[in-house]
Amino acid sequence: MVAPPFTAELTPTLSQSEFDLFRRFILNSAGIDLAPCKRALVQSRLAKRLRALHLTSYHAYWERINQSSDPHERQLAINLLSTNETYFFRESQHFSWLKHHAEQLLATRRQPLRIWSAACSTGEEAYSAAMVLAEQLGINDRWSIHGTDINTRVIPFARRAVYSVERAQHVPPHLWLRYFQRGHDEFAGKIRVKPELAGKVTFANLNLLTCGDYPERNFDVIFLRNVLIYFNDETKARVLTQLCNLLRPDGYLLVGHSEIIRQQDLPLVQEAPSRYRCLPLQPKELP
């Protein structure tokens with residue numbers, strides 16, 4: 001007997017106990033502490049995987065992603081449950097500050113400026129920083145930008161560097177003309193970051209829970225914006241401790257305008273809203 005097609009109408013409801021399982025899963029996997037009000041969101045994001053796999057309950061899908069033999073499906077679930085909302089020059093004050101900081105820093109030293117977009121999503125933040133540095137310093141070997149994200153779906157998008165025009169509506173007009181190519185025909189309504197600028201940015205997958213293992217380090221500026229709001233206090237402390245170890249002494253951590261770092265045992269001093277400087281390690285006193 002042939003089973004009936006698994007249609008949207010047959011998609012089950014996510015129970016509270018099943019929601020708790022997925023809350024624990026994404027907390028342990030990515031540090032994301034989902035609010036209790038997000039049950040409908042989780043149900044809608046996971047429903048298409050249930051349909052694709054012909055599963056009749058969310059518990060069955062939870063069992064599937066916890067099988068060691070199916071790491072690909074586990075990563076798909078992480079991708080679906082992580083948020084990726086961004087656009088070019090979001091919270092533009094940070095890029096105005098970066099412009100002046102880069103000029104001052106490279107006026108007094110020879111080492112290249114190193115920037116990390118630590119939750120880069122589809123790449124707009126990293127390319128926004130690249131436009132600022134290219135404008136001030138030129139496209140040369142005096143600076144580099146790295147972008148990372150836990151979501152494996154967004155990194156190929158970031159590398160492709162093709163976006164809808166709407167995502168770039170906050171880009172200053174002179175940067176639009178200099179660093180974007182407008183699409184035509186089948187790419188109408190799209191823009192592309194010019195290859196010479198895109199080549200200055202590298203992207204990779206990285207879980208912030210284990211970012212201490214990231215081989216890149218000695219960053220002058222780390223963007224970690226609108227990420228801490230998804231972490232509980234324990235995860236914040238764990239991630240921020242690792243980030244501080246990847247910053248140069250006197251390097252800067254930029255967070256979202258709605259975020260405040262309250263952990264007192266970190267070597268961070270707030271210099272402005274959403275901007276923190278990493279203090280140099282003090283030499284230990286001899287006994």
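Reply: Let's begin with a definition: two strands pair if DSSP finds at least two bridges between them. Keep in mind that the model you're looking at is predicted.

Me: Okay, how many bridges join strand β9 to strand β10, and do they run parallel or antiparallel?

Reply: There are four bridges between β9 (residues 268–272) and β10 (residues 275–278), and the two strands run antiparallel. To find your way in, look for Q270, which stands opposite Y276 in β10. Together β9 and β10 form a hairpin, with two residues between them.

Me: Which residue in the turn has a positive phi?

Reply: That's S274, with a phi of about 70°. As a general idea, most residues other than glycine have a negative phi. With that in mind, have a look at two further cases. H54 has a phi near 60° and isn't a glycine, and A161 isn't one either, with its positive phi of about 65°.

Me: Where are H54 and A161 found?

Reply: Both sit in loops. H54 is in the loop between α2 (39–53) and α3 (58–65), while A161 is in the loop between α7 (154–160) and β3 (162–164).

Me: Is H54 buried or exposed, and what about A161?

Reply: You compare the relative accessible area with two cut-offs: under 20% is buried, over 50% is exposed. H54 has 59%, so it is exposed. A161 has 2%, so it counts as buried.

Me: Which strands does β1 pair with?

Reply: One partner is β2 (residues 143–149), which pairs with β1 in the parallel sense over five bridges. The chain gets from β1 to β2 through helix α6 (residues 124–137), and this β-α-β crossover is right-handed. Another partner is β7 (residues 219–224), joined to β1 by three bridges and also running parallel to it. For landmarks, R114 stands opposite S144 in β2, and W116 stands opposite I222 in β7.

Me: What does S117 touch?

Reply: S117 lies in strand β1, residues 113–117. Leaving out residues up to four places away in sequence, it touches E125, A126, H146, G147, T148 and F223. Its relative accessible area is 2%, so S117 is buried.

Me: And helices? Which residues of α4 are buried, and what covers them?

Reply: In α4 (residues 71–81), the buried residues are E73, A77, I78, N79, L80 and L81. What covers them includes α1 (16–30), α2 and α3.

Me: Last one: how many disulfides are there?

Reply: For a disulfide, look for two cysteine sulfur atoms within 2.5 Å. By that rule the count is zero. Take C211, which is in no disulfide: the nearest cysteine sulfur belongs to C244 and is 10.0 Å away.

Me: Is C211 buried or exposed, and what about C37?

Reply: C211 has a relative accessible area of 0%, so it is buried. C37 is at 66%, so it counts as exposed.

Conventions:
Residues numbered from 1 in each chain as written. Predicted model: local features only at pLDDT ≥ 70, side-chain atom pairs only at ≥ 80, totals over all residues. Heavy atoms only, no water. Buried < 20%, exposed > 50% of the residue type's maximum accessible area, 1.4 Å probe, protein only. Contact = heavy atoms within 4.5 Å. Right-handed = clockwise from strand over helix to strand, strands pointing away.
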